[in-house]
Amino acid sequence: MNRARTTVLTVAGTLLLLAAMEGVGRLGVLGESWPPLTQVVAALDDPITRDLLGRALAATATAAGTGFVAGTLVALVVAVVGALLPPLQPGLDRLAAVVNAVPLIALGPLLITTVGREGTPAVIAALAAGFAVFVAATSGLGAAGAAHRDVFRALGSSRRATLLRLQLPAAVPLLIDGLALAAPAAVLGAVVGEWFGAPRGLGVLLVSSMQNFQTDLMWAAALSAAVISLTAYAALAGLRVAAARRFV
Amino acid sequence: MAATGISESPAEATPRTTPAALELRGATKEFRLRRSRTVTALASVDLAVGNGEFVALLGPSGCGKSTVLRMLAGLDTPTRGEVLVNGGAPAELVRGHRLGIAFQEHALLPWATAYDNVALPFRVAGRPVDADRVNALLSLVGLEGFTDARPRQLSGGMRQRVAIARALVLQPEVLLLDEPFGALDAVTRRRMNFELARIWADQQITTLLVTHDVDEAVLLADRVVVLTGRPGTVRHVEDITLPRPRDKALTRDAEFHDIVDRLTALLDEGAE
């Protein structure tokens, strides 16, 4: 019953939001730059627009996906190193905080000159996703209870065995929470990275359509980015439900 | 009423068997609170458990009895005095994976089945899992049909039995039990006591059981060491000469009740 209610409310909320968007566009209260949703969707009837958007979507999804995977792997390795070598832990935490404190937007020009236009979106996506995963992994690796740790110590477990058999499995629920936050961050990172002049992608499309007053295309690009974010988030949220059943 | 061999001096807890498998010599444990304040949990405790002996450490909560067990498991170190296991540091026994331990919190891995939980000590020790041994222990604790069950699918008593099977699976030299039945209801608890008595009769591992349940201590142990006060000190040592095997009939025995009453009175005095 509770679940059915949640579903009904979710669907109702979504429809309300879409209707509001359509309404604002129809009434023209926010001017030309806010078209009705139906008009944005209708723009996709044109095969050239559809093709353009499709290619941009694929490029952004690839950059975000690559960044997400790379950022996650690096974050996991760093978190595991911190767990295996406790003296390093405070330093690694601080390093991660410093990396996160640097505005991604400020890194853009720097990355363009170092890793190039092609690679920048993925690198920014990796930085954005990596921080979320690192924070989640670090707290996850410390999530095992005191009684469990005592049992492992009394069994004569090595640090490696404790990591593999206790800390990593115990970290799974928090880690998946972290991944669910990291996926939208990676999409955002990729789009920001594309703004700095990547050869293709939704970020590029956003900038060019804005400059050329292609309002429908701009909205289509923005909504596409939102769709990738939400899809990734939904997939990981589903995974979290499965993990909660298995690991708690 | 048979004589039950009360030691003359509480400090003289050394058994006749030599050498002691577990030994505390003047062990004192202080815990640091904030600022320079410290609290003494144990004050100069002497205790010896002989090879193959079952000793129950009985005391009210907060008397430091769990600290004794934690020091023997190498989870804590004494502030002063010595803690010896087979004449050496507890860490040596732990490093050799020769210690079995079970706590009040079952501390089973929630993501692992009963089988995998019992097999855990093999994996932690880096040894191949002896499936026959794991299955034999699961049936010893009466859980043959539950090998694939996760902890949350088991009752409290079943979880505790899995934890005890896990403690026994590597055929430890020393078994440390910290109120393993403390979270169970009275009926289940008593049933588990008789099961443990049966299992122990088979294996006769050197065992230290920490408990605040007087009946449990008398039912299971060869010797009951009463610890009282804050800081905890050994107040009394009682040899339990009740015949084994001990079963339900014993709980109706007059001598059993006599011992229980006497020890309960000691605990009561100590609490004042």
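Modeller: What follows goes from the chain as a whole to the interface, and then to single residues and pairs.

This is a predicted model, in which local features need pLDDT of at least 70 and side-chain atom pairs count only at pLDDT 80 or more, while totals for chains, interfaces and linings use all residues. Residues are numbered from 1 along each chain as its sequence is written, chains are lettered from A and ligands numbered from 1 in the order in which they are written, and side-chain values use heavy atoms, with hydrogens and water left out.

Chain A has ten helices and zero strands, where helices (H or I, at least four residues) and strands (E, at least two) are DSSP runs numbered from the N terminus. An unreviewed UniProt entry lists residues 53-240 of chain A as "domain: ABC transmembrane type-1"; UniProt positions are in the numbering used here, feature names are shortened, and annotations may be inferred rather than shown by experiment. The unreviewed entry also gives "transmembrane region" at several spans of chain A, including residues 122-147 and 168-197. Residues 122-147 are 85% helix, with end C-alpha atoms 42 Å apart, and residues 168-197 are 93% helix, with end C-alpha atoms 40 Å apart.

Turning to the interface, 19 residues of chain A are in contact with 21 residues of chain B, contact being heavy atoms within 4.5 Å. The buried area, that is, the accessible area (1.4 Å probe) that two parts lose on being put together, summed over both, is about 2000 Å² between chain A and chain B, and carbon and sulfur atoms give 64% of this area. Of the area that chain A buries against chain B, A:Ala154, A:Leu155 and A:Arg165 supply 30%, more than any other three residues.

The interface of chain A and chain B holds one salt bridge, defined as a side-chain nitrogen of Lys or Arg within 4 Å of a carboxyl oxygen of Asp or Glu. This salt bridge joins A:Asp150 to B:Arg70, with the closest N and O atoms 2.7 Å apart. Helix 7 (146-154), helix 8 (159-195) and helix 10 (215-247) of chain A each supply at least two residues of the side that touches chain B, and helix 7 gives the most, with seven residues. By class, that side of chain A has eleven nonpolar, three polar and five charged residues, where Ala, Val, Leu, Ile, Met, Phe, Trp, Tyr, Cys and Pro count as nonpolar, Asp, Glu, Lys and Arg as charged, and the others, Gly among them, as polar.

A:Glu22 forms a salt bridge with A:Arg26, the closest N and O atoms being 2.9 Å apart, and both residues lie in helix 1 (residues 2-27), four residues apart, about one turn of the helix. A:Glu22 is buried because its relative accessible area is 15%, whereas A:Arg26 counts as exposed because its relative accessibility is 58%.

Terms used. Buried means under 20% relative accessible area, exposed over 50%, partly exposed in between (1.4 Å probe, protein chains only).
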